[in-house]
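Dear colleague,

I am passing on the structure we spoke about, and I would be glad if you could look through it with the notes below beside you.

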Amino acid sequence: MLKHLERREHGVESPAHIFQAESSRRARCLHLSKYYDVQKVHAAGINSLDLDPVEHRHLLSGGGDGTIAIHDVHNTSGTPQFTYPSVSKIGHGNRNCHKYAVTTVQWYPVDTGLFLSSSVDKSLRVWDANSLAAAGRFEFGGSVYSHHMCPVATSHCLVAVGVAESKQVHLVDLKSGSKAHTLLGHRKSIMAVQWSSRDEFLLATAGKDGIIRFWDIRSAKSCLMLLDQHNGDTTAGPHSVSTAHSGSVNGLCFLPDGLHLLSFGTDSELRLWDTQTGRNRLVNYGRIFNKKQNNIKFSVSDEGLASVAFVPSDGNIEVYDIFNGSRVGILRGHYNQVNCCTFDVQLHELYSGANDRNILIWVPDSETVRGYEEFLNSSRQGVGQRRTNFTSRIGGMADAWSSDED
């Protein structure tokens, strides 16, 4: 960091370059926080997490027991050691609570007054965050593994909902409160849906058929293209040309600039796609274990060409450089399958949820943390020194005592 500041002093580097370099460094040196914790409220594994995009303060969590919780992840105590409390919970005492496991939760993109949840009980629900009352409910013909609302939309208010058994993608209009459109084409259950972070009309969907489709919702034909893992190389075999993965595709994530898409499949492959041409960038990330039978939610940082991907793999989270494929590190701390993670682009912290019912916080190495640890060590040493001095004084007094018999 001092090197960058020196170069800035001489006018060689811009402030934006320094910010990007420091952000990239912080995202690549995450470790499990020793002093921050999140209150445990779910009775089953945690399937989905989402941090509100407005204040970056409230963390949504959806559990396998059908419950939803809101956690305040700002430390207001004034002390470095703190447990983030659950400020609200939709439990089974709420008559609108999901009957079965919650698969996806998401904040309304421009307001923390609403959030959405979907479940294997075949429903999508819209919630008032203040009263925890259901503001809307939509039923479907199968389990909902994934839903997503466009973060950059200005001309529509559509929620894409992937339905498993019916093999359909439904577009739900929150303004009219009805199902606006149905997208057909997948041959098996829909596992993941994701709106572009650049184009409000571009939608990506993936399923157990190994196919990723791009849709333009303004078009009557709708389907723009199918992503091909072999980029049209017919020598790879007639049955694999039109598939993005050799197994189910259960994870999708657009990069913040919307120019690339990451996909994750049960063939244990992570792939990077150019969203303009639909071509596989052929970045080799190696084998990343993934045998999950439902949606898996991974996250990316926002440092341009230095961005990294945080990918759950069994009980760990593997960190990869997105554009060269090298593994930056492995985050170990959960005791069971990690299902989801979300990255805070402001504080450069990562939140992860797993089947061990824990939400863990991964923080960057910083001077603040090191200073607090030095303070704790010095305090312990001070206590030990005082105890030693006290014992020495007692020993000195004991040596000076004499018996009446002497």
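What follows is a short account of what was found, going from the chain as a whole to a few of its parts.

Please bear in mind throughout that this is a predicted model. The chain holds three helices and 29 strands, and of its 406 residues, 53% count as buried. Among the contacts with a separation of 6 or more, 47% are between residues 24 or more positions apart. The chain exposes about 18,900 Å², and carbon and sulfur atoms supply 49% of that area.

The part I looked at with most care is built around strand β9, residues 114-119, which is mostly covered, five of its six residues being buried. On one side of the account stands strand β8, residues 102-107, which pairs with β9 in the antiparallel sense over five bridges; the two strands form a hairpin with six residues between them, and within this pairing Val105 has Ser117 of β9 as its bridge partner. Strand β10, residues 123-128, also pairs with β9 in the antiparallel sense, here over six bridges, and Ser119 has Ser123 of β10 as its bridge partner. The hairpin of β9 and β10 has three residues between the strands, and in it Lys122 takes a positive phi near 70°.

Leaving aside neighbours within four places in sequence, the residues in contact with Thr103 include Ser118, Ser119 and Val120, together with Asn47, Ser48, Val144, Tyr145, Ser146 and Lys297.

The other residue is His98, found in the loop between β7 (86-90) and β8. His98 counts as buried because its relative accessibility is 1%. Not counting residues up to four places away in sequence, His98 touches Ser117, Ser118, Ser119, Asp121, Ser123 and Arg125, and also Gly66, Ile68 and His92. Two polar contacts of the His98 side chain deserve a look: one joins it to the side chain of Ser117 at 2.7 Å, and another joins it to the side chain of Ser123 at 3.5 Å. His98 and Asp65 are 33 residues apart in sequence, while their C-alpha atoms are 8.6 Å apart in space.

Elsewhere in the chain, I checked the geometry of helix α2, residues 15-27. At 1.5 Å a residue, its 13 residues should span 18 Å, and because its end C-alpha atoms are 18 Å apart, the model agrees with that expectation. The buried residues of α2 are Ile18, Glu22, Ser23, Ser24 and Ala27.

Lastly, Asn355 is found in the loop between β28 (349-354) and β29 (359-364). Is Asn355 buried or partly exposed? With a relative accessibility of 35%, Asn355 counts as partly exposed, because that class runs between the 20% and 50% cut-offs. Leaving aside neighbours within four places in sequence, Asn355 is in contact with Gly45, Asn336, Gln337 and Asn339, and a polar contact of 2.8 Å joins the side chains of Asn355 and Asn339. Asn355 and His334 are 21 residues apart in sequence, with 8.6 Å between their C-alpha atoms.

With best wishes

Methods:
Residues are numbered from 1 along each chain as its sequence is written. This is a predicted model: local features need pLDDT of at least 70, side-chain atom pairs count only at pLDDT 80 or more; totals for chains, interfaces and linings use all residues. Side-chain values use heavy atoms; hydrogens and water are left out. Buried means under 20% relative accessible area, exposed over 50%, partly exposed in between (1.4 Å probe, protein chains only). Helices (H or I, at least four residues) and strands (E, at least two) are DSSP runs, numbered from the N terminus. Two strands pair if DSSP finds at least two bridges between them. Contact means heavy atoms within 4.5 Å. The expected span of a helix is 1.5 Å times one less than its number of residues. Accessible areas come from the Shrake-Rupley method with a 1.4 Å probe; for residues, only the protein chains shown count as cover. A polar contact is a pair of N or O atoms within 3.5 Å; within protein, one must be able to donate a hydrogen and the other to accept it, and residues adjacent in sequence count only if both atoms are side-chain atoms.
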